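Thanks for coming. Please bring up the structure.

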Amino acid sequence: MGFENTGKVWTNDTFAKYLRTIEKPSWCKAVTLHHTGAPSLADRPKGLLMQHIQNLENFYRNEKGWSSGPHLFIDDDEIFGMSDLCKPGVHAVSFNHSSIGIEVLGNYDEEDPKSGRGRNCWTTAAAATKLLLDWLGLPATEKTVLFHRDDPTTKKKCPGINVSKQWFID
């Protein structure tokens with residue numbers, strides 16, 4: 001485990017090409033979606049920067065003592081790597097060893113995922129999720145597209161009360 005993909009950034013097109021170069025993990029049965037909460041879209045008016053991802057890696061590694069973090073971070077139009085897609089990450093206790101974790105920029109308890117920048121972030125996340133599910137050979141269902149709040153060990157509303165699973169899957 002680790003932070004092997006910190007420093008990598010893709011568009012959906014280059015992410016699709018990247019997935020073709022790596023072996024799909026046998027342990028992975030789903031994708032779990034989160035929102036960053038903080039930072040919000042307002043906090044990052046120009047989206048994520050590589051420095052933000054490096055700062056998050058430092059926080060997870062040195063302050064939380066985690067051996068890895070979420071697999072991907074997504075903003076308006078880019079996909080930032082953090083943890084190796086072929087190894088379990090750290091993002092939702094019940095799902096760490098069976099799903100790839102994606103953090104979507106924004107606080108969707110307050111911000112709108114259906115318009116403006118929020119829609120852009122969720123459109124990028126939906127495309128990346130579809131690429132991952134296709135790569136894994138999985139259909140998009142309630143069991144393969146998980147939200148952090150689906151984890152029975154948490155009381156979090158992540159990825160935000162304004163994001164419904166059916167809307168995202170559709």
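The side chain of H35 comes to 3.4 Å from the backbone oxygen of G106. Keep in mind that this is a predicted model. A second polar contact of H35 goes to the backbone of Y108: the nitrogen there lies 2.9 Å from a polar atom of the H35 side chain.

Where does H35 sit in the chain? It is in strand β2, which covers residues 30-35. Is H35 buried or exposed? Its relative accessible area is 10%, under the 20% cut-off, so H35 counts as buried.

As for its surroundings, leaving aside residues up to four places away in sequence, H35 touches E103, V104, G106, N107, Y108 and D109, and also C158, P159 and G160.

Now the helices. In general, a packed pair is described by the angle between the axes and the distance between them. Here the pair is α1, residues 12-19, and α3, residues 116-136; their axes come within 10 Å and cross at roughly 15°. That angle is under 35 degrees, and therefore α1 and α3 count as roughly parallel. The crossing of α1 past α3 is right-handed.

Which residues make the contact? On the α1 side they are N12, F15, A16 and L19, and on the α3 side T124, A127, A128, L131, L132 and W135. By class, the residues in this contact between α1 and α3 comprise 8 nonpolar and 2 polar, with no charged ones.

That is all from me.

Definitions and conventions:
Residues numbered from 1 in each chain as written. Predicted model: local features only at pLDDT ≥ 70, side-chain atom pairs only at ≥ 80, totals over all residues. Heavy atoms only, no water. Helix = DSSP H or I, 4+ residues; strand = E, 2+ residues; numbered from the N terminus. Buried < 20%, exposed > 50% of the residue type's maximum accessible area, 1.4 Å probe, protein only. Polar contact = N/O pair within 3.5 Å; in protein donor to acceptor, adjacent residues only side chain to side chain. Contact = heavy atoms within 4.5 Å. Axes fitted to C-alpha atoms, helices over the stretch in contact; angles between N-to-C directions. Parallel < 35°, antiparallel > 145°, perpendicular 65-115°, else oblique. Left-handed = near helix turned anticlockwise from the far one by under 90°. Nonpolar A, V, L, I, M, F, W, Y, C, P; charged D, E, K, R; others polar.
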